[in-house]
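Welcome! Take a moment to look over the sequence and the 3D view, and then we can walk through them together.

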Amino acid sequence: MNSYYGQIINLLAAGLLLLSFAMLGQRRILSLINLFMAQGAVLCASTAIVAFVTGQNHLYWSALITLLLKVLLLPAILHRLIRRLNIKWDVETLINIPTTMLIGIVLVIFSFNLALPISELAGTVTRSTLGIAMAAVLLAFLMMITRSKAVPQVIGFLSMENGLFFAATSATYGMPMVVELGIALDVLVGMVILGVFFFQIRERFDSLDIRHLEQLKED
Amino acid sequence: MEFFLVLGIPLLGGIVLALIGHTRRAAEYNALFSLLTLIAAINLTVHIVNHGPQLLFQDQFFLDPLNVFLVALTALVGFTTSLFSRPYMRIEHHHGRLTVGRLRLYHSMFQMFMFTMLLALTTNNMGILWVAMEAATLTTVLLVSLYRTTASLEAAWKYFILCGVGIAQALFGTILLYFAAEKVLGHEGGALLWTHLNAVKGTLEPTVMSLAFVFLLVGYGTKVGLVPLHNWLPDAHAEGPTPVSAVLSGLLLNVALYAVVRCKVLADGALHSNLAGVLMMGFGLLSVVVAAFFLSRQKDIKRMFAYSSIEHMGIVTFAFGMGGPLASFGGLLHMTVHSLTKSAIFFAVGHATQKSGTQLMEQIRGLIKISPTVGWGLMLGTLAILGMPPFGVFASEFLILTTAMKQQPWATPFLLMALGVAFASIFGKVQPMVFGESTLPKLPHKPAMLPVFVHLALVLMLGLWIPPYLAEWYRQAAKFIG
Amino acid sequence: MNSILLQFLELVLALALAPVLTGWVNQCRAWLQNRSAPPLLQPYYQIVKLFEKDVVLAHHASSLFRSAPYFIFAAMALAATIVPTLSTDLPFGPAADAIALVGIFALARVFIALAGMDIGTAFGTLGARREMLVGFLAEPALLMVFFTASLISHSTSLATIVETLAHRELVIYPSMAFAGVAFTMVSLAENARVPVDNPTTHLELTMIHEAMILEYSGRHLALIEWAAALKMYAYSCLGLALFFPWGIPEGAKFASLAIGLPSLLIKLAIGGFLLALIETLSAKMRIFRAPEFLGTAFMLAVLGMLVHLLLETGK
């Protein structure tokens, strides 16, 4: 029976990766937020399943935190932000999307390679998911690099957090509760600070384009 | 009890100042809280020196010679910075660069920043260490963006994104660490506690640990400002208020490096190879060399000293990477003297820029005429940071260099060359700023030069004579790092 | 003996069902778009009507132009018979595996493209070029999808793949999810469906498939239309065989047709409805976006393979 749950978690892992790629290729901010929400939902489901399989009750709590924070609260904040800032479209990426995708594939191969020896050591049912988590982190990183607007960058940042969280829950069956709470708090506070930032940046630059933020550099 | 005061006072200070930080006496309250923290820290240090390492609160906190010395240093620099910031922030307010509300934010965040750093230093839990480091990033982001100018917003944004990404790598490293540890220690709590990990470090899986260390080094290394992850550092130093630059350089970099060192101890135990040391030496040396060459191209005085911080952090990282009692001793000493000297320099620079109304070095001239104390403070601080005897930086750099000649002879020419380049660039730029002609008026508030000279006096003392108990303490810590 | 009969039955079924499937998709589309639907058998009426008409040939049409429809039709009919629908034990099975199937599709493509250029009209050439562009990008993606399935079943033979996927204990293959998405995208492009091409349009500047066959008439056109329907049928059956293989009878027994045939019809009906849904929900993209679309499909297929290597090996 356990192996079925393992397979479901693997399926969710694949879904997470698919969503990461979808985010990488997405041009619209609204869809990006929805994808982020879907990623949160996948994360929540996988955490709950891991909790069920291993009988570790504290993981139910982290699933709940994920649900509240990443599926409900953060997307709501983001939706509110883009409504208030009145930005719905984001057509620009710094590198065109097919190239980004190709780099993404290379990153996936890289992280799978890196994770293979480790996966063989893990005692958990879901040992192989570590590579996927690493790939998700790197893809989110790539997304941050290739976007020139502030909001997609932040979504990339949050998506990176998702990948890390997935690594924590699925590969190691969850970090201690204190740590998870701390991480959640940091993410939330960071998000609020960034929200304030958006308004200030826009007030100063009349735009949320990060390319305006290029005055500070070495000559 | 001694311990909880150290954490409790800045936390309380952060909350209280969030409420009353806008009042006229807020700066004094800020200094008062910092003073109380310092007293608590000294008390704690004496306690640890007398009673040896301690585990507290279900092993969640751990105090040993390594971190208690950093706690004391952090509290000291925090206190002197709060003294310096009192007139400095008043003048900024007077110049209209800050509103009262921003001052409240500043005071509150200053205390919160102290709290997060002290938490990062004292926690035994590698996960909490990460949380505290991230929280320190968040508070300093708010501090860097305090002026709300385009440049400061840009610097803060860069700082947030780069350090956020960096620290996310550190989280991944922490997860890998836990992954390696839970097989040995089991799920029940203890697998992230450093002391528990240290006890079983020989049995941790080497493949996982090497990967974990790489991620941790890259993650916390971003906060140390190691090249090539250093891009945020000059911007954040240059655009934030000067007291913030002082604590960033003097304290935050140390705390981040402390995190790296803790991880290195574990990695060394698990790997039976010198991978961790080699990586740290590589990053360290690269930082020293690159920073030294960037120094000569700087026009902004705070940026220049920010690069100097990168250089010195590179030296310390290199020293810890070499390992061995002598190098680690040198590294710890260099950490101490650098943080004292660099914060003193930033204090002096803060007043110098306020007097001249600019951070561009070409336009700062004749400081010694406008205010002899500021001029001499900057000059002496510069001499000290450049490693002139008899200051402490000379002693520590000498120690590190001689050890390098013995253990890693290939690295010495690079180090010597970088130090030479740094000397030429910094001295060549500071000299005309201090001497030379100027017709600038006086400032509305008297500058606080006491912290500068206290720091420099301490550095001078460390150069001439290290008190025996301090030396013993360094030796213990160095043995610990290995 | 049974297997030869079954093979024959499959061929007849494919020839008979293909236009119905096209009609069903059109009906669903009309229904989803609130139009009154054409009859289900409309494609038949069209094909019959076209067979009755005379062929009008351009003066300088070569023999290639005249023979191409037969080749295309033959290739598509062959493709439809290779895909296991009613049985996994087919005499044609060992002769052609998944890679050969891609080759057969490519053969048909080459003929239709050559025929499109044969007359020398601008539209024919334009359509042929675009067709080759789409094909050049779609084929590797399709191959990657097959490779993923082959990695799971350790064989490139379609029959073995179906047997492995359908008749062992239930195992969830995350890689097949990636491959499934990639396959759907490739099929949309290959069958000239909406996001890439529009099968109902005659707006000159956007069409691909229609542009190539503008010059055909009479029985030639009938064969090409029929071949297009067969192609869609073959792709649909291929999708069902790879991703929803349950219900395809193993071996060659007529008794199992009682389950096999109804399940095939139901699955095709659902598949056709989903195709209509996709077409209704998406807007046709610019031709320059097509490489990106197919690139994504290729990438997903590669990812599926990688995921298989990471997640599903060594269990």
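## The core

A nonpolar core is a set of buried Ala, Val, Leu, Ile, Met, Phe, Trp, Tyr and Cys residues joined through C-beta atoms within 7 Å. With that in hand, and keeping in mind that this is a predicted model, we can look at the largest such core, which has 371 residues. The residues with the most contacts inside this core are A:L17, C:A141, C:A182, C:Y233 and C:A301. Helix α6 of chain B, residues 150-185, provides the largest share of the core, with 23 residues.

Setting aside neighbours within four places in sequence, C:A301 is in contact with C:A141, C:M144, C:V145, C:T148, C:F178, C:A179 and C:A182.

## Chain A at a glance

Chain A has seven helices and zero strands. Its elements, read from the N terminus, follow the order α-α-α-α-α-α-α. Chain A has 219 residues, and 56% of them count as buried. Among the contacts in chain A with a separation of 6 or more, 74% are between residues 24 or more positions apart.

## Where chain A touches chain B

Now for a meeting of two chains: 38 residues of chain A are in contact with 37 residues of chain B. On the chain A side, the elements that give two or more residues are α4 (97-119), α5 (129-146), α6 (150-172) and α7 (177-205). The most comes from α7(A), with 13 residues. Sorted by class, this side of chain A has 26 nonpolar, seven polar and five charged residues.

## A glycine in a loop

Next, find A:G55 in the loop between α2 (29-54) and α3 (57-85) of chain A. Why does A:G55 count as exposed? A:G55 has 7 other C-beta atoms within 10 Å, and a residue counts as exposed because 12 or fewer lie within that distance. For a sense of scale, A:G55 and A:L116 are 61 residues apart in sequence and 27 Å apart in space, C-alpha to C-alpha.

## A kinked helix in chain C

Finally, follow helix α5 of chain C, which covers residues 122-153. This helix has 32 residues and reaches 46 Å from its first C-alpha to its last, close to the 46 Å expected at 1.5 Å a residue. Along the way, α5(C) has a kink of about 25° at C:A138, shortly before the proline C:P140. After α5(C) comes C:H154, with a positive phi near 55°.

Definitions and conventions:
Residues are numbered from 1 along each chain as its sequence is written. Chains are lettered from A and ligands numbered from 1 in the order in which they are written. This is a predicted model: local features need pLDDT of at least 70, side-chain atom pairs count only at pLDDT 80 or more; totals for chains, interfaces and linings use all residues. Helices (H or I, at least four residues) and strands (E, at least two) are DSSP runs, numbered from the N terminus. A residue is buried if 20 or more other C-beta atoms lie within 10 Å of its own, exposed if 12 or fewer, and partly exposed in between; C-beta atoms are placed from the backbone. Two residues are in contact if their C-beta atoms, placed from the backbone, lie within 7 Å. Ala, Val, Leu, Ile, Met, Phe, Trp, Tyr, Cys and Pro count as nonpolar, Asp, Glu, Lys and Arg as charged, and the others, Gly among them, as polar. The expected span of a helix is 1.5 Å times one less than its number of residues. The bend at a residue is the angle between axes fitted to the seven residues ending there and the seven starting there.
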